[in-house]
Amino acid sequence: MGRDDGIKPHDEMLHLAAGLADLVTEGLRGAARRLPGLAEVREELRARGELALKRTGPGSEAHLELLARRAAERGGNG
């Protein structure tokens, strides 16, 4: 089945999201097998989630925006 088989964009997005969810579920199963107990799995997921949010979350500011803001605060008139 190719990309141009008359699949609507909405359906394609749904299929991609379902595929991603399936992939994540398999990854979680693998993590559960590697770690001996449920508490360890929970801790590992929490730690990974914190790192992911710090890396890509809404609180992270783009580097150039941060530099521009600091320059403006210093009165960056040149």
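**Exercise 1. Is Arg 46 buried, partly exposed or exposed, and which partners does Arg 46 have in salt bridges?**

Step 1. Start with the surface: Arg 46 counts as partly exposed, because its relative accessibility is 41%. (Buried means under 20% relative accessible area, exposed over 50%, and partly exposed in between, with a 1.4 Å probe and protein chains only.)

Step 2. Now look for a partner. Glu 43 forms a salt bridge with Arg 46, and their closest N and O atoms are 2.5 Å apart. (A salt bridge is a side-chain nitrogen of Lys or Arg within 4 Å of a carboxyl oxygen of Asp or Glu.) Both residues lie in helix α2 (residues 38–56), 3 residues apart, about one turn of the helix.

Step 3. Arg 46 also meets Glu 50 in a salt bridge, at 2.0 Å from N to O. These two are 4 residues apart in helix α2, so about one helical turn separates them.

Step 4. Glu 43 is partly exposed at 43% relative accessibility, and Glu 50 is partly exposed at 36%.

Before going on, a word on the model: it is predicted, so local features need pLDDT of at least 70 and side-chain atom pairs count only at pLDDT 80 or more, while totals for chains, interfaces and linings use all residues. Residues are numbered from 1 along each chain as its sequence is written, and side-chain values use heavy atoms, with hydrogens and water left out.

**Exercise 2. Which residue meets Glu 44 in a salt bridge?**

Step 1. The side chain of Glu 44 meets that of Arg 48, at 2.6 Å from N to O.

Step 2. Check the spacing: Arg 48 and Glu 44 are about one helical turn apart, because 4 residues separate them in helix α2.

Step 3. Compare their surroundings. Arg 48 is exposed, with a relative accessible area of 51%, whereas Glu 44 is partly exposed at 31%.

Step 4. For the whole structure, the search finds 3 salt bridges.

**Exercise 3. Which helix gives the most to the nonpolar patch?**

Step 1. Find the members: Leu 20, Leu 23, Val 24, Leu 28 and Leu 45 form the patch on the surface, with about 440 Å² of accessible area together. (Patches are made of residues with over 30% relative accessible area and no salt bridge; like charges are joined within 9 Å, and nonpolar side chains, Val, Leu, Ile, Met, Phe, Trp or Tyr, within 5 Å. Accessible areas come from the Shrake-Rupley method with a 1.4 Å probe; for residues, only the protein chains shown count as cover.)

Step 2. Helix α1 (residues 9–34) gives the most, with 4 residues.

Step 3. Take one example: Val 24 lies in helix α1 and is partly exposed, at 45% relative accessibility.

**Exercise 4. How many helices and strands does the chain have, and where is confidence lowest?**

Step 1. Count the elements: there are 3 helices and 0 strands. (Helices, H or I of at least four residues, and strands, E of at least two, are DSSP runs numbered from the N terminus.)

Step 2. Of the 78 residues, 6% count as buried.

Step 3. Confidence is lowest in α2, at a mean of 78, and highest in α1, at 83. (pLDDT is the predictor's confidence in each residue, from 0 to 100.)
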